[in-house]
Amino acid sequence: PLQIEDGLTLVMEIPETRVTHHVDQSKLTKFSKDKYAIFHKDELNLATHVPSQDVFEHLAQSVPCVGCRKSIERLYFHLQESGQPAWEPIYITKP
């Protein structure tokens, strides 16, 4: 949960059935064993890093509600400060 202000907490719940419904676990396992392994460490590092500026530009275009967008931004900064690995394997870097 993310404390927004006194008496207001943001909680995001993603039911597992929603997350895994469209993912074929056998294909995901095959990808991670076969395809993911063929990349060199430097290639993976480059492919999984996204500048934070790109994230916020996309956020501004895809979330029209200002309050919702600000809540997402606060969640992002909270996760960055806390060190939570919620974004893995994507790494959001400073521009």
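I am working on a predicted model, where local features need pLDDT of at least 70, side-chain atom pairs count only at pLDDT 80 or more, and totals for chains, interfaces and linings use all residues. Residues are numbered from 1 along each chain as its sequence is written, and side-chain values use heavy atoms, with hydrogens and water left out.

**Overall layout**

I looked up the elements first, taking helices (H or I, at least four residues) and strands (E, at least two) as DSSP runs numbered from the N terminus. The chain has five helices and four strands. Read from the N terminus, their order is β-β-α-α-α-β-α-α-β. Of the 95 residues in the chain, 13% are buried. I then checked contacts, meaning heavy atoms within 4.5 Å. Among those between residues at least 6 apart in sequence, 51% join residues at least 24 apart.

**Helix 4 against helix 5**

How do helix 4 and helix 5 pack? I found an angle of about 160° between helix 4 (residues 52-62) and helix 5 (residues 66-82), with the axes 10 Å apart. Axes here are lines fitted to C-alpha atoms, for helices over the stretch in contact, and angles run from 0 to 180 degrees between N-to-C directions. The two helices are therefore roughly antiparallel to each other; my cut-offs are under 35 degrees for roughly parallel, over 145 for roughly antiparallel, 65 to 115 for roughly perpendicular, and oblique for the rest.

Helix 4 brings Ser-52, Phe-56, Leu-59 and Ala-60 to the contact, and helix 5 brings Arg-69, Ile-72, Glu-73, Tyr-76 and Phe-77. I sorted the residues of this contact into six nonpolar, one polar and two charged. For that, Ala, Val, Leu, Ile, Met, Phe, Trp, Tyr, Cys and Pro count as nonpolar, Asp, Glu, Lys and Arg as charged, and the others, Gly among them, as polar.

Is Glu-73 buried or exposed? Glu-73, in helix 5, is buried at 18% relative accessible area. Leaving aside its neighbours within four places in sequence, Glu-73 touches Phe-56 and Leu-59. Ala-60, in helix 4, is partly exposed at 43%. Its C-alpha lies 9.8 Å from that of Lys-70, ten residues apart in sequence.

Val-55 and Thr-93 are 38 residues apart in sequence and 9.7 Å apart C-alpha to C-alpha.

Ala-86 sits in the loop between helix 5 and strand 4 (91-93). Ala-86 is exposed, with a relative accessible area of 53%.

**Cysteines**

I searched the whole structure for disulfides (a pair of cysteine sulfur atoms within 2.5 Å) and got zero. Cys-65 is partly exposed at 37%, and Cys-68 is partly exposed at 38%.

Technical notes. Buried < 20%, exposed > 50% of the residue type's maximum accessible area, 1.4 Å probe, protein only.
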